[in-house]
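Colleague: I'm new to this one. Can you walk me through it?

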Amino acid sequence: TGVSGASPHQLILMLYDGAIHALGLATQGIRDGDIPKKGRAISNAIDIISQGLQSSLKLDEGGDLAERLYSLYDYMCNRLLFANLKNDLAAIEEVRGLLIDLRGAWGEIQSDTPASPGNGVAS
């Protein structure tokens with residue numbers, strides 16, 4: 001809910017929130033021994049990162065920042081694949097921490113500044 005009325009800036013925040021939430025569910029799945037729950041949650045987080053956050057980057061306009069974010073999102077997805085295979089809580093927490101940091105930085109950006117849509121970082 002709220003997606004239809006959200007600005008592009010708010011949509012990115014929602015993607016971060018969704019990925020962070022999914023990783024919390026993955027952690028709980030591992031702790032509970034619920035492997036299907038863990039797998040679904042990690043897959044959801046990977047989808048949000050790759051199909052949401054990473055695909056929103058405008059590499060042709062965003063320059064070095066967009067390229068670095070693209071690489072970081074790729075790294076996160078690889079770490080989550082590893083975490084899924086090995087039930088590795090540390091890898092999940094590493095990615096979750098990165099997402100929390102990025103979400104915090106994105107949250108600092110005001111949606112009416114040049115750093116929001118049109119800056120080449122996200123649409």
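**Overall layout**

Modeller: The protein has 4 helices and 0 strands. From the N terminus on, the order of elements is α-α-α-α. Keep in mind that this is a predicted model.

Colleague: What is the average pLDDT of the protein?

Modeller: The average is 90, and 87% of the residues score at least 70. Residues 115-119 have a pLDDT below 50. That stretch still has 14 contacts in the model beyond near neighbours in sequence. Where pLDDT is low, the predicted coordinates should not be read in detail.

Colleague: How much of the protein is buried?

Modeller: Buried residues account for 36% of the 123 residues.

Colleague: And what share of the contacts join residues at least 24 apart?

Modeller: It is 65%, counted among contacts between residues at least 6 apart in sequence.

Colleague: Now the packing. How are two packed helices described?

Modeller: By the angle between their axes and the distance between the axes.

Colleague: What are those values for α2 and α3?

Modeller: The angle is about 170°, and the axes are 10 Å apart. α2 is therefore roughly antiparallel to α3; the cut-off for that is an angle over 145 degrees.

Colleague: Which residues meet there?

Modeller: From α2, the list includes Ile42, Ile46, Ile49, Leu53 and Gln54. From α3, it includes Tyr70, Tyr73, Asp74, Cys77 and Leu80. By class, the residues of this contact divide into 12 nonpolar, 4 polar and 2 charged.

Colleague: You listed Gln54. Is Gln54 buried or exposed?

Modeller: Buried. Its relative accessible area is 9%, and buried means under 20%. Gln54 sits in helix α2, which covers residues 35-54.

Colleague: What is Gln54 in contact with?

Modeller: Ile49, Tyr70, Tyr73 and Asp74, leaving aside neighbours within four places in sequence.

Colleague: Where does Lys58 lie?

Modeller: Lys58 is in the loop between α2 and α3, and α3 spans 59-86. Lys58 is partly exposed, at 24% relative accessible area. The C-alpha atoms of Lys58 and Tyr70 are separated by 9.6 Å. Those two residues are 12 apart along the chain.

Colleague: On to the next loop. What is the phi of Asn87?

Modeller: It is near 50°, a positive value in a residue other than glycine. Most residues other than glycine have a negative phi. Asn87 belongs to the loop between α3 and α4. With a relative accessible area of 34%, Asn87 is partly exposed.

Colleague: And α1 with α4, at what angle do they cross?

Modeller: Roughly 160°, with the axes coming within 10 Å. Helix α1 covers residues 8-32, and helix α4 covers residues 89-108. So α1 and α4 are roughly antiparallel to each other. The crossing of α1 past α4 is left-handed. Their contact has 15 nonpolar, 4 polar and 5 charged residues.

Colleague: Which helix holds Glu94?

Modeller: Glu94 is in helix α4. Glu94 counts as partly exposed, at 29% relative accessibility.

Colleague: What does Glu94 contact?

Modeller: Tyr75 and Arg79, leaving aside neighbours within four places in sequence. The C-alpha atoms of Glu94 and Met76 are separated by 8.6 Å. Along the chain, Glu94 and Met76 are 18 residues apart.

How values were computed:
Residues numbered from 1 in each chain as written. Predicted model: local features only at pLDDT ≥ 70, side-chain atom pairs only at ≥ 80, totals over all residues. Heavy atoms only, no water. Helix = DSSP H or I, 4+ residues; strand = E, 2+ residues; numbered from the N terminus. Buried < 20%, exposed > 50% of the residue type's maximum accessible area, 1.4 Å probe, protein only. Contact = heavy atoms within 4.5 Å. Axes fitted to C-alpha atoms, helices over the stretch in contact; angles between N-to-C directions. Parallel < 35°, antiparallel > 145°, perpendicular 65-115°, else oblique. Left-handed = near helix turned anticlockwise from the far one by under 90°. Nonpolar A, V, L, I, M, F, W, Y, C, P; charged D, E, K, R; others polar. pLDDT = per-residue confidence, 0-100.
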